[in-house]
2 protein chains.
Amino acid sequence: MMELTRKGEYAIRGIVYLAGKPIDKVCLLSDIAAAVNVPPTFLAKIFQQFSKIGLVKSFRGTGGGFMLGRPPESITLLEVVEAVEGPIIPNRCVVSPSDCERSGECTVHPVWRRVQDEVRGVLEGVTLKELLTETQTHTTC
Amino acid sequence: MMELTRKGEYAIRGIVYLAGKPIDKVCLLSDIAAAVNVPPTFLAKIFQQFSKIGLVKSFRGTGGGFMLGRPPESITLLEVVEAVEGPIIPNRCVVSPSDCERSGECTVHPVWRRVQDEVRGVLEGVTLKELLTETQTHTTC
DNA sequence: CCTAAAAAGACATTTTATATCTTTTTAGGG
DNA sequence: CCCTAAAAAGATATAAAATGTCTTTTTAGG
C-alpha cells in the first residue's frame, strides 16, 4: 500500500530534469520526455498541472517549451507529489472527521493523522536541488 | 495519495472489535460484520487472510467463528494493515533497487526509504489494545 | 498566413478495488 | 450416520482508478 503511481514517478523525473537545467532555459516537452523515458503525451498532462500552480512556466508556439517556475531549492518534493497525486491522505477520515459516521468510536484516527504528518514532513524536507546529481547540474537540454 | 483502501479500513474495524472481546470468546462473522458495519462476505475474505497468518483463530462448523489469535497488546496496527494491504511500499524502487532501470541516477530513492520507515514506525508503535475504547473493552458478542 | 508547440478535451485499455454468489469443507449434535 | 451451522475456497460481476492515446484548439514567432 501507499504506493506512488506512475504519474507521480513521472512527475518527479520530469521536474527534476528541468531543475538540472539553467533556470532560464526553455526545454521542449518532447526532449524532456525522451530524456526521462516517459510517454510524451502523459508527461504533457503532468506538466499542465505543474503549470497551473506555477511549479513550471510554459511557453506556447515556436520556440516554446517549459522551464522551472521557481528556483530548485525552493520547490519541495511534497509540492511536486501533491500537485499531481493530490493531498497525502492515509485515511478518508483524516480529511473530515465530521463526515466519518464512526468518528466517535474511531481511535485509529489520531494514528493516521500522525502518519500523514510524518510523510509530509519527510517530503517537505527535500528540495529539487537536493535531488540533483552532479551530472544533472547545469547541463544543456 | 497513500490512501488506505476499504479493505484495510474494514480489516482494522473487524479485528479491533475482536480485540474488545474476552480472548477466548468465539464470535460469529455475521455478528462482527453487523457490529462494525461491513459487508459480511467481504469481511470473510479479510478474516481468511488474518487466519492464515495467525492474527485470528477460526473455527468451522456449529459453534464456530473467530477469536483473536494473540493478545491484543501484542498485535500492532502495522501487522494488521500489511496483512491485508501488503507491505508498505511508497515506491516500487524501494523494494528492489536492482530492478529499477534508473537506480544509478535515482536520488529520490533514499527519501522513499525514509517515508517507508516513518510510516512503519508509527503503525508499529500502536497495538490493538491501545485502539480499544472503554465501551469496547470486555463486552460480550 | 504558416508552422511549431503547448492546452484542452474526448476516448480507449488495463488494472485494482469492491464486492457477491456458489460450492466445498469442517465440525457438533442428535 | 445424517443434519445443520459455519468458515474456506473459488468463480464471477461491477465500478472506479490508473495509464495512456488521439484529435482539435489555442497561442506565438517568423
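**Reading a protein–DNA surface**

Tutor: Helix 3 of chain A gives the most to the surface near DNA strand C, with four residues. Keep in mind that this is a predicted model.

Student: How do I read "near"? Which residues come closest to DNA strand C?

Tutor: A residue is near a strand if one of its heavy atoms lies within 4 Å of it. Here 24 residues surround DNA strand C. The closest are A:Lys45, A:Ser58, A:Arg60, B:Tyr10 and B:Arg60.

Student: Which elements each supply at least two residues of that surface?

Tutor: From chain A, helix 3, strand 1 (56-59) and strand 2 (65-68) do. From chain B, helix 1 (6-19) and helix 3 do.

Student: What percentage of the DNA strand C atoms within 4 Å of the protein belong to sugar or phosphate?

Tutor: The share is 70%, and the rest belong to bases.

Student: How do I read a polar contact?

Tutor: Look for a pair of N or O atoms within 3.5 Å. Then ask which part of the DNA takes part. A polar side-chain atom of A:Lys45 lies 2.7 Å from a base oxygen of DNA strand C.

Student: Now DNA strand D. Which helix gives the most to the surface near it?

Tutor: Helix 3 of chain B, with four residues. B:Lys45 has a polar side-chain atom 2.7 Å from a base oxygen of DNA strand D. On chain A, a polar side-chain atom of A:Thr41 lies 3.4 Å from a phosphate oxygen of DNA strand D.

Student: How many residues of this surface are nonpolar, polar and charged?

Tutor: Near DNA strand D, seven are nonpolar, 10 polar and seven charged.

Note on methods
Residues numbered from 1 in each chain as written. Chains lettered and ligands numbered in written order. Predicted model: local features only at pLDDT ≥ 70, side-chain atom pairs only at ≥ 80, totals over all residues. Heavy atoms only, no water. Polar contact = N/O pair within 3.5 Å; in protein donor to acceptor, adjacent residues only side chain to side chain. Nonpolar A, V, L, I, M, F, W, Y, C, P; charged D, E, K, R; others polar.
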